Amino acid sequence: MLQKLMNAKQEIGNGNVEAAAEIVEVLKELPRKEDGSFDLTGQDADEGKLAGYAYPVYAAYESTCNKKEGYPDLVAQIKALDHRLKEDLTHEKAAAFLALLIDTIEYVSPQIYEYYRDLVDLFRTDAKLVIEAFYEESGHCKQNAECSEAADSVFRAAVKKASAMHVLLAEKYEQYC
């Protein structure tokens, strides 16, 4: 499944959203967890890694091919993932979630403002939460925080992308880019 999601995301990046239709149908057929999110456990890769591809692909498909009808489900699932993240907040999980979130926002249509805005607000809130929990004002990881280089890199890339997309104010977050 991971390879199919990766291929679909690459095709979407090349402007071929229709290529995602088959994998999105597979996603929609997956069992759901109690919170309503896709149950990605038991697949061929880490659940977090799969989610990082699944939700942006799902968003792109819903935006282009399904007339945005799946937006309520998409946003509800993202909020469920956010709730789980906050129950077990680690630098690695938070960075991965922010990357998933900004990649998903990229494909959600701003014309459907309420759903787009829900995701943008969630990104802003979570970025602030991560900064408070793991970073100093200078932009460096706190000494007592358990930060990994890999998670730091993912977090900074997500903030940089969010700044470029005007989800965050670039001037305010430049020390985290």
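Modeller: Lys67 counts as exposed because its relative accessibility is 68%; exposed means over 50% relative accessible area, buried under 20% and partly exposed in between, with a 1.4 Å probe and protein chains only. The model is predicted, so local features need pLDDT of at least 70 and side-chain atom pairs count only at pLDDT 80 or more, while totals for chains, interfaces and linings use all residues. Residues are numbered from 1 along each chain as its sequence is written, and side-chain values use heavy atoms, with hydrogens and water left out.

Lys67 sits in the loop between α3 and α4. Helices here are DSSP runs of H or I with at least four residues, numbered from the N terminus. The phi angle of Lys67 is near 55°, which is positive although the residue is not glycine.

On one side of this loop is α4, covering residues 71-87. Its 17 residues reach 24 Å from the first C-alpha to the last, close to the expected 24 Å; the expected span is 1.5 Å times one less than the number of residues. Whereas Lys67 is exposed, α4 has buried residues, among them Tyr71, Leu74, Val75 and Ile78. Gln77 and Asp82 are also buried in α4. The buried residues of α4 pack against α3 (47-64), α5 and α6 (113-134), where contact means heavy atoms within 4.5 Å.

His166 lies in the loop between α7 and α8 (170-173). Its phi is near 65°, again positive in a residue other than glycine. His166 counts as exposed, since its relative accessibility is 68%.

Key
Helices (H or I, at least four residues) and strands (E, at least two) are DSSP runs, numbered from the N terminus.
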